[in-house]
Each structure stands twice: as C-alpha cells, then as structure tokens.
Amino acid sequence: MPKPLSERKTVLLVQPAIRKVMKPRIPINLLPLGYTLRESGFKPVIIDLRIDDFNEAEIDWNDVLMLGISTYTGPMIHNALEISKKVREHDKKIAITWGGIHPTLDAA
C-alpha cells in the first residue's frame with residue numbers, strides 16, 4: 001500500500017529527450033530546483049533522458065510525491081507526455097508539473 005501523500009519525499013525531476021546524445025551535458029536547469037528541494041527535506045531524483053532510459057523498476061513508487069518535467073516546444077514534448085503517462089499508470093495521485101519555455105509561454 002502506498003504511503004499517504006503527506007509522508008512522501010521523492011520528487012522526480014526529468015529532462016526529456018528527442019534522442020540520446022553522444023556528449024552529455026549537465027541538466028543545469030534542474031540543479032537549482034533539486035538543491036532547493038533537498039534543502040527543504042525532499043529527495044530529488046534527476047533523470048536525464050538524453051543519456052539514460054526511464055527505468056521504472058529503480059523508482060520507489062510508494063515514496064514519489066511529484067514529477068517535474070522541463071521541456072520546450074517541439075518533438076521533446078512527445079517524450080514528456082510518455083513519461084507523464086507512465087507516472088500516472090503507477091499512481092494517479094502523483095502531482096505532475098511541466099516547466100520550461102513551452103509551458104511558460106503556452107500555459108492555457
């Protein structure tokens with residue numbers, strides 16, 4: 001049985017991908033958010049899909065409170081939608097928040 005939301009601490013921060021990259025770059029946009037979450041008592045988990053797969057088996061779904069996705073306009077949105085759907089399949093109560101240029105400019 002999953003923990004109540006009030007007791008969960010894990011926040012998944014995802015950098016979606018269009019394709020895998022040969023020369024990985026640090027997801028600088030997610031680092032300040034991860035730091036702030038950690039300092040606030042949460043457990044941020046940064047998943048960079050440009051270099052790694054979304055391995056659902058490695059995630060403690062009983063402790064996930066939220067999914068944060070950074071994305072921008074273009075094909076990357078398809079990858080972000082796939083991840084959002086996978087998270088919903090595990091637990092419909094997990095909050096999903098999109099950030100980045102696309103959700104900021106087209107928040108409707």
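User: How do you know that the length of helix 2 agrees with its number of residues?

Analyst: This is a predicted model, and the check uses its C-alpha atoms. Helix 2 covers residues 76–90, which is 15 residues. At 1.5 Å a residue they should span 21 Å. The end C-alpha atoms lie 22 Å apart, so the two values agree.

User: Which residues of helix 2 are called buried, and what makes them so?

Analyst: Buried means under 20% relative accessible area. In helix 2 that label goes to Met76, Ile77, Asn79, Ala80, Ile83, Ser84 and Val87. Seen down the helix axis, these buried residues fall within an arc of 160°, so they line one face.

User: What does the face turned away from the buried side of helix 2 carry?

Analyst: His78, Lys85 and Glu89. They are exposed, and the cut-off for that is over 50%.

User: What do the buried residues of helix 2 pack against?

Analyst: Strand 1 (10–15), strand 3 (64–70), strand 4 (95–99) and helix 3 (101–105).

User: Why is strand 3 called largely enclosed?

Analyst: Five of its seven residues are buried, so the rest of the structure largely encloses strand 3.

User: How many bridges pair strand 3 with strand 1, and how many with strand 4?

Analyst: Strand 1 and strand 3 have five bridges, in the parallel sense. Strand 3 and strand 4 also pair in the parallel sense over five bridges. Pairing needs at least two bridges, so both cases qualify. Gly68 of strand 3 is the bridge partner of Leu13. Gly68 also stands opposite Thr97 in strand 4.

User: Which elements make the β-α-β unit, and what is its handedness?

Analyst: Strand 3, helix 2 and strand 4 make the unit, and it is right-handed.

Notes. Residues are numbered from 1 along each chain as its sequence is written. This is a predicted model: local features need pLDDT of at least 70, side-chain atom pairs count only at pLDDT 80 or more; totals for chains, interfaces and linings use all residues. Side-chain values use heavy atoms; hydrogens and water are left out. Helices (H or I, at least four residues) and strands (E, at least two) are DSSP runs, numbered from the N terminus. The expected span of a helix is 1.5 Å times one less than its number of residues. Buried means under 20% relative accessible area, exposed over 50%, partly exposed in between (1.4 Å probe, protein chains only). The arc is that of the directions from the helix axis to the C-beta atoms. Contact means heavy atoms within 4.5 Å. A crossover is right-handed if, with the strands pointing away from the viewer, the path from the first strand over the helix to the second runs clockwise.
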